[in-house]
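Subject: Structure handover

Hello,

Here is the structure I promised to pass on. Please open it first, then read the notes below.

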Amino acid sequence: MDTLSALQSLGLELPSPAYIAGAVVFGLIGMAAYWHGKKTPQRRTRWWGVALMFYPYAISLTWMLYAVGVALCLGLWWDVRRA
């Protein structure tokens, strides 16, 4: 049996290229935010970074990945601008 068809019969599908690109981009933004928060005394910036790095593991829909990612980036931007 073909491996891909076996996975699809179990209800598992590979993510789309748009999903993978979004996860990588938001993960890189999160990593940069984490490093910035680590070098400065801004603890919340580190938590924004952690959230941006790990939320793609909990979301499976591409449109929701981008919606939550943009919302988290806006929250990060607002928090850094405010500090």
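Contact here means heavy atoms within 4.5 Å. This is a predicted model: local features need pLDDT of at least 70, side-chain atom pairs count only at pLDDT 80 or more, and totals for chains, interfaces and linings use all residues. Residues are numbered from 1 along each chain as its sequence is written, and side-chain values use heavy atoms, with hydrogens and water left out.

Confidence

pLDDT is the predictor's confidence in each residue, from 0 to 100. The protein chain has a mean pLDDT of 91. In that chain, 99% of residues reach 70 or more. Helices are DSSP runs (H or I, at least four residues), numbered from the N terminus. Helix α2 (residues 17–39) has the highest confidence, at a mean of 95. Confidence is lowest in helix α1 (residues 3–9), where the mean is 79.

T45 sits in helix α3 (residues 43–54). Is T45 buried or exposed? T45 is buried, because its relative accessible area is 1% (buried means under 20%, exposed over 50%, partly exposed in between, with a 1.4 Å probe and protein chains only). Neighbours within four places in sequence are left aside for its contacts. On that basis T45 touches A33, Y34, H36, G37, L76, D79 and V80.

Q42 lies in the loop between α2 and α3. Its relative accessible area is 22%, so Q42 is partly exposed. Leaving aside neighbours within four places in sequence, Q42 is in contact with H36, G37, V80 and A83. Q42 and T3 are 39 residues apart in sequence. In space they are 47 Å apart, C-alpha to C-alpha.

Salt bridges

A salt bridge is a side-chain nitrogen of Lys or Arg within 4 Å of a carboxyl oxygen of Asp or Glu. How many did a search of the whole structure find? It found 2 salt bridges. One joins D79 and R44, with the closest N and O atoms 3.4 Å apart. D79 lies in helix α4 and R44 in helix α3, so this pair ties together parts that are 35 residues apart in sequence.

D79 also forms a salt bridge with R82, again listed at 3.4 Å, N to O. Both of these residues lie in helix α4, 3 residues apart, about one turn of the helix. D79 is buried, at 5% relative accessible area. R44 counts as partly exposed at 49%. R82 is partly exposed too, at 45%.

Surface and rings

Which residues form a nonpolar patch on the surface? They are I20, V24, L28, M31 and W35. Together they have about 490 Å² of accessible area (Shrake-Rupley method, 1.4 Å probe; for residues, only the protein chains shown count as cover). Patches are made of residues with over 30% relative accessible area and no salt bridge; like charges are joined within 9 Å, nonpolar side chains (Val, Leu, Ile, Met, Phe, Trp, Tyr) within 5 Å.

W35 is in helix α2. L74 belongs to helix α4 (residues 62–82). L74 is exposed, with a relative accessible area of 52%. L74 and W35 are 39 residues apart in sequence and 18 Å apart in space, C-alpha to C-alpha.

The whole structure holds 3 aromatic pairs. Rings of Phe, Tyr and Trp (its six-membered ring) pair if their centres lie within 6.5 Å; planes under 30 degrees apart count as stacked, over 60 as edge-to-face and the rest as tilted. Ring pairs link F26, Y55 and Y66 into a cluster.

Best wishes

Conventions
Helix = DSSP H or I, 4+ residues; strand = E, 2+ residues; numbered from the N terminus.
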